[in-house]
Amino acid sequence: MVKLEDYIPIVGAATVDELRLLAKHLEQKKIQNINSTAVGGGVAEILTRMIPLLNQMGVQARWDVIKGDEKFFAVTKKFHNGLHGVPTTVSNDEYEWFLEINRQNAEEMQFEDVVFVHDPQPVALIEKRQHIGKNWIWRCHIDFSKPDKNIWKFLEQYITRYDSAVFSAPAFARRLPIPQVLIAPSIDPLSDKNKELDEKYIDSVFERFKIDRSMAVVTQISRFDYLKDPVGVIKAYKLVRQHMDLQLVLAGGGATDDPEGPAIMQHVQEEAAGDKNIHVLFLPPGSDLEINALQRGSTIVLQKSLKEGFGLTVSEALWKGKPTIAGAVGGIPLQIAHKYSGILTHSIEGTAHWIKQLINEPEFARRLGVNGKEHIKNNFLITRHIKDYMLLFIALFHEGDVVSL
Amino acid sequence: MSEFYFSTKLDQPILLGMRAKNIPELLAGIQTVPESSIYYHTHRYLRQHHFLSPEPPNDFAYWITEVLNEDRLAERVSSVDIIQFKSLEALRNEFIDILQAHLELSERVPSAPAGEEFHFIAARTYVLHTPYIAHDIGEFAALLKNVSVGSLYYHIFEAKLRLEQGENDFSRWFRDQGKTELADRVARLDPYTYTLEGLRNKLIQLVETHGKA
C-alpha cells in the first residue's frame, strides 16, 4: 500500500507536513463519500487511492456506493448526456424512479458527520437532511458548461440544499445561492500510469508497437471519440509531414458503449491508410504501463480535444516533462499557460504549426516541458487534491472567508 | 527578544459564477467582486507558477493578451506595480482606471470566443501555525530553508497587502531584533519579480549577509 511518506521525494516534506497539520483539524470528524460505482471511472479511481491516505493521517474517511437497478442507471445515463449538452428527454416516470431509488438508499444508509456526494446519481439523498441534519457537500465531476435546461432545473432543487458545491473548472460554475468551490482533479505520480519507468521498458514498448524512437514521435492518447478529434490530429500530422519526417501515434481504448465508435474508427483508419508512419493502437483496459511508456518515449504529446471535461491526460503528459500541445477547452487552460507550460491551440493548422515549431526548437520545447512538470507538481497531484478536500471539510465547521486554525 | 512564529497560508478558490467576454464586462466584474477576488487574480500566478520566470502577469493581463489580443492594454495591466499598493481597494481602483481610460479611447470591443470567457474567482483563506519557531537570527536563517513556499508567501505578500500591515512580517521582526539594515533591505525587495523559490534564496542570502551585523 502507498504511504503518505512515499510522496515526500516528489512534493517535498513541507507539503506533506502541511497535510498532516490540516488533518489534525479533522481528527474528530467522520467523512463519508458516496457515489454510484465502486470500480471504473475517474471518481472510483481517485477515491480508491485517496481514502487510505486520509485514514493514514487520522481522518476517518469511508466510501459507500448506492444501489440501483438497470432502469435507474438508464435514467442517470440520460442525465449524464443531457448535462453534457446532448438533447435529451426524461419522462416524469423516470424522474420519479430516480427519486425512489435515492430514497430507498437513504433509508438503508448510516450517515456520518460530513456527507460528500459525488455526481448526480446520489444527489437526491439530500432529502434525508431534514430528518438527520449533518454537513452535506455535492461534488460534480462532469462538464457542466451547457446542461440541458430541464435536467438542470430538476437537479438544481437538490443541489441548492447542500452546504457547498464543488466543480472541476470555472466554466462549470453557475449562479447558485450556495458557495461553489473550485477543486481540480489530480493524477497520482505513484500509479502505473504515471510512475517513473526504466528506459529499457520504454524501448521494449516502442519496439512491440514497431515505433521508431530515432525519428520524432507525436502522440495522442485518448478514446476514439469525435470530441478528441483524432481525424483532426491526422490532418495536422499530414501538414507537418510536408516539411519533415515524423511518426504519429494515436493510442486509446475503443469506447464500447459509444454507438458512434465504429464510425469514428472507420474514419480514422481511412484517414491513416497507406502511411506507415501513422500508428493507430487499440489498447485494452489495464494498459496503464504501456500508456505511460508511450507518453514518456514521445517527442511531443497532443490532446487536440474539441470538448473536454478536465482532460487529465494533459497533466499526465506534462508530469512526464513532455512538451504538450492541446485544445484550449474545458479544464485544459488550467493545466497549460500558453507558451509558458505548453501550447494551446484552436485549429488543425495551429496544431501543425506548433508541432513543427517544437520539433525544430527542442530547447524551447524542453523548457515548456520543465515548466509544465513543475506546474503539475504544484497543482495537479493527488497531494494537492487531498489538501483541497481537507480545506473544504474544515470550512464546514468555520464561518467567514478567513479561517484561522 | 521575541520569537518568530512561522505561519502558513492556504487558499481555496471560490467560483463566483460571474464571467466576462469583453473589456466592459471585465470592468464591471472588477468593480463588483469581493476584495478576495482582486487578490486571487493578482496573486494566483505566484502560487501556481512559482517556478516560472520571467513571469508573472496577473490573470487579467494574461486573458487580455491571450484571448482578446489587446497587447497594448495587456502591457498596461500587467505592469501595474502591485508592491506600491497598500490596500486591495487601491489596487482595484487602479485596474478600474486603466480599463476605463482604455474604453474611452477604443473604437471596437473585441469579444472572447465562446468557452474562453474570463471567470471571476474569489478565495477562502486558511491561516495555520506551523511548528517552526525561530528564537534568533541564526535559527531564522536555518528555518527559512525548510518552511513551505506557502509560509514565505504568507509573511511576505499576505501580511502586507491583504492584511494591510504596511510592512512584511520578516522586516518587522528583523527591526524588533535591531537588524535595521536587514529589515530595510528585505522591505525594499520587489517580491513580485521573483519566483517564490528565487525569493527564498534571496532572503537566505540577505539574512546570511546582513543578519550577523
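**Note on chains A and B**

1. In chain B, helix α6 (residues 137–144) lies across β1 (4–20) and β2 (118–134), and runs at about 135° to β2(B). Helices (H or I, at least four residues) and strands (E, at least two) are DSSP runs numbered from the N terminus. Axes are lines fitted to C-alpha atoms, for helices over the stretch in contact, with angles from 0 to 180 degrees between N-to-C directions.

2. The model is predicted: local features need pLDDT of at least 70 and side-chain atom pairs count only at pLDDT 80 or more, while totals for chains, interfaces and linings use all residues. Residues are numbered from 1 along each chain as its sequence is written, and chains are lettered from A and ligands numbered from 1 in the order in which they are written.

3. Chain B has ten helices and two strands. Their order from the N terminus is β-α-α-α-α-α-β-α-α-α-α-α.

4. Chain B is divided into domain 1 (4–8 + 125–210) and domain 2 (12–122); such bounds come from an automatic or database domain assignment. The C-alpha centres of the two domains of chain B are 27 Å apart.

5. The C-alpha trace of chain B spans about 60 × 30 × 25 Å along its principal axes. Of its 213 residues, 44% count as buried (20 or more other C-beta atoms within 10 Å of the residue's own, with C-beta atoms placed from the backbone). Among contacts in chain B with a separation of 6 or more, 70% come from residues 24 or more positions apart; a contact means C-beta atoms, placed from the backbone, within 7 Å.

6. Both chains contribute to an open sheet of nine strands with mixed pairing, in the order β2(A)-β1(A)-β3(A)-β4(A)-β5(A)-β6(A)-β1(B)-β2(B)-β13(A). Because β2 (60–65) and β13 (402–404) of chain A stand at the edges with a single partner strand each, one side of each has no neighbour in the sheet. From one strand to the next the twist averages 25°. Strands pair if DSSP finds at least two bridges between them.

7. Within this sheet, β1 (residues 30–35) and β3 (residues 114–118) of chain A run parallel and are joined by four bridges. A:Asn33 stands opposite A:Phe116 in β3(A).

8. The buried residues of α14(A) are A:Thr351, A:Ala352, A:Trp354, A:Ile355 and A:Leu358. Their cover includes β7 (217–221), α9 (230–241), β10 (300–303), β11 (324–327), β12 (343–345) and α15 (362–379) of chain A.

Conventions. A residue is buried if 20 or more other C-beta atoms lie within 10 Å of its own, exposed if 12 or fewer, and partly exposed in between; C-beta atoms are placed from the backbone. Two residues are in contact if their C-beta atoms, placed from the backbone, lie within 7 Å.
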